[in-house]
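Subject: The structure I promised you

Hi,

Here is the structure I said I would pass on.

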Amino acid sequence: MQFNTFVTSTADLERCTQAPNLFEVLLEPALLARQGKLSRDQTHTLAHAAQQRGLKPVLVWDALMPEQLMQQICQQLLTWDLSLFSAIRVCDLGAAWWIKTQFPQHSIHLMVEAGNHNLGGLQGWCELFQDSLDRLVLSIELTEEKLIKYCQALPVGCEVLGAGQILLFYSPRSLLLPILPASDSPEILYREATVASPDSGNRPLPTLETRHGTLMFLDKDQFILDQLDPLKAAGLHTVRLDLRHLSSGKNAAENIDQIGWQTLNQPLNLRQNWPRPTRSPFFKVNRTTAIFQRIKSKGKLAEYRHQENCLAEVLSGESGQYVVFQSLGSFDLTLADHLIMPTGEVVEVPERIVFQTLNREAVTQCDRGQLLITDWIKKAVPGSLLMAKTVDGLNSDHSEP
């Protein structure tokens with residue numbers, strides 16, 4: 001297992017030569033990379049300097065482009081000395097295909113961090129680009145279990161982010177320019193800001209805009225450097241150390257030599273002393289699919305809906321304020337005993353709960369299809385079913401509309 005990192009200066013290269021197991025550096029030209037700042041000449045110079053130091057330079061092309069712009073970029077790339085680079089890493093499949101057809105001798109690192117999370121799809125890309133594809137850059141949204149499985153099943157090397165910013169959002173559009181004051185600075189194409197909104201709990205989210213669009217990051221860093229042993233045993237090829245946001249001036253890999261050493265020898269101390277809060281939100285379990293079980297569980301409620309002691313369904317509610325029900329039959333409201341959640345959880349109805357019409361008139365009897373409102377019942381969500389303990393007092397017309 002090896003490491004790689006982004007570099008923007010010769011000082012970065014010097015530090016990389018001192019870092020253990022670091023044999024590859026990532027170069028980001030402004031022409032091609034979302035966060036790129038390097039000119040063509042600077043990129044060539046750093047690539048040549050990396051080779052002299054025994055490092056493999058990799059050209060980063062991760063920007064998304066409309067077809068017309070991409071054609072212009074491709075024409076410019078024909079004037080570059082691509083022989084300086086050991087590989088070209090791309091995000092756009094069209095760009096990957098162009099490299100495969102125009103430069104079949106070049107290795108491709110395909111970035112599949114956004115989407116492409118299933119093994120069958122990844123195997124399809126391996127087959128399509130088989131002669132050129134050297135590596136897949138996998139998503140941090142894959143769990144440790146899946147990463148291990150993919151490393152063992154895929155025919156190419158796999159890479160994953162070991163430490164660095166967590167990208168929440170990327171758009172090729174300019175989203176900061178319309179709201180930030182105009183500037184005469186030459187850095188106009190590299191704007192940094194902190195964005196917060198009530199919808200995100202006013203969390204300060206680092207946001208960056210470059211000539212290739214807008215990127216928003218989590219306010220905590222991905223960090224799995226203390227959990228690499230199982231991945232190493234499974235054959236993970238590369239762990240990326242992204243220090244761009246922790247570096248200053250013209251550098252992008254400050255302290256990479258120390259971090260590399262600590263990763264191998266003191267990973268727990270490294271995590272404790274990391275400059276920013278750290279997380280590995282998907283590594284042990286990806287909870288973004290948890291909602292699927294809740295969706296499926298609604299089908300399980302169907303068996304309860306047809307039972308005689310099913311009284312009403314929750315239509316909506318406002319946390320801490322009210323719950324709206326629709327009755328499924330004519331019944332005595334004093335029979336209400338408990339709620340069954342879409343998850344299958346059972347929640348008791350508070351003893352002092354009062355059912356009211358939408359005009360806030362208290363009632364003890366209701367008709368089929370009537371809308372009722374109560375004070376807030378904790379955990380009540382749309383789709384929950386109101387159940388009676390017994391069927392006494394239920395009218396025989398209780399049935400599905």
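One term before anything else: two residues are in contact when heavy atoms of theirs lie within 4.5 Å. Helices (H or I, at least four residues) and strands (E, at least two) are DSSP runs, numbered from the N terminus. Also, this is a predicted model, where local features need pLDDT of at least 70 and side-chain atom pairs count only at pLDDT 80 or more, while totals for chains, interfaces and linings use all residues. Residues are numbered from 1 along each chain as its sequence is written, and side-chain values use heavy atoms, with hydrogens and water left out.

Helix α1

Let's start with α1, which covers residues 10–18. Which of its residues are buried (under 20% relative accessible area; exposed is over 50% and partly exposed is in between, with a 1.4 Å probe and protein chains only)? They are D12, L13, R15 and C16. These residues sit on the same side of α1, because they cover an arc of only 165 degrees around the axis (the arc is that of the directions from the helix axis to the C-beta atoms). What do they pack against? The buried residues of α1 pack against β1 (2–6), β2 (22–27), α2 (40–52) and α8 (256–265).

Aromatic rings

Next, the rings. Rings of Phe, Tyr and Trp (its six-membered ring) pair if their centres lie within 6.5 Å; planes under 30 degrees apart count as stacked, over 60 as edge-to-face and the rest as tilted. That rule gives six aromatic pairs. One of them is W97 with F129, an edge-to-face pair at 6.0 Å centre to centre and 65 degrees between the planes. W97 lies in helix α4 (residues 93–102) and F129 in the loop between α5 (119–128) and β6 (133–137), so this pair ties together parts that are 32 residues apart in sequence. W97 is partly exposed, at 40% relative accessible area, whereas F129 is buried, at 1%.

F325 and F355 make a tilted pair, 5.8 Å centre to centre with 55 degrees between the planes. This pair also links distant parts of the chain: F325 is in strand β14 (residues 322–327) and F355 is in the loop between β17 (346–348) and β18 (365–366), 30 residues apart. Both F325 and F355 are buried. There is a cluster too, in which W61, W98 and F103 come together.

Two charged side chains sit over rings, which here needs NZ of Lys or CZ of Arg within 6 Å of the ring centre and within 35 degrees of the ring normal. R34 lies over the face of Y170, 4.0 Å from the ring centre. K37 has its charged end over the ring of Y190, 4.0 Å from the centre.

Salt bridges

How many salt bridges (a side-chain nitrogen of Lys or Arg within 4 Å of a carboxyl oxygen of Asp or Glu) turn up in the whole structure? The search finds 18. Among them is R40 with D41, at 3.9 Å from N to O, and R40 is partly exposed at 36% relative accessibility.

Another joins R240 and E159 at 2.7 Å, N to O. The two are 81 residues apart, with R240 in strand β11 (residues 238–241) and E159 in strand β7 (residues 157–171). Both R240 and E159 are buried.

R276 and D221 form a salt bridge at 2.7 Å, N to O. R276 lies in the loop between α9 (267–272) and β12 (278–279) and D221 in strand β10 (residues 213–223), so the pair ties together parts that are 55 residues apart in sequence. R276 and D221 are both buried. Shared partners also join E24, R89, E113, R135, E159 and R240 into one network of salt bridges.

The loop between β17 and β18

Q356 lies in the loop between β17 and β18 and is buried, with a relative accessible area of 16%. Leaving aside neighbours within four places in sequence, Q356 is in contact with E361, A362, V363, L371, L372 and I373.

R360 lies in the loop between β17 and β18 as well, and is partly exposed at 43%. Most residues other than glycine have a negative phi. R360 has a positive phi of about 65 degrees although it is not a glycine.

Enjoy exploring!
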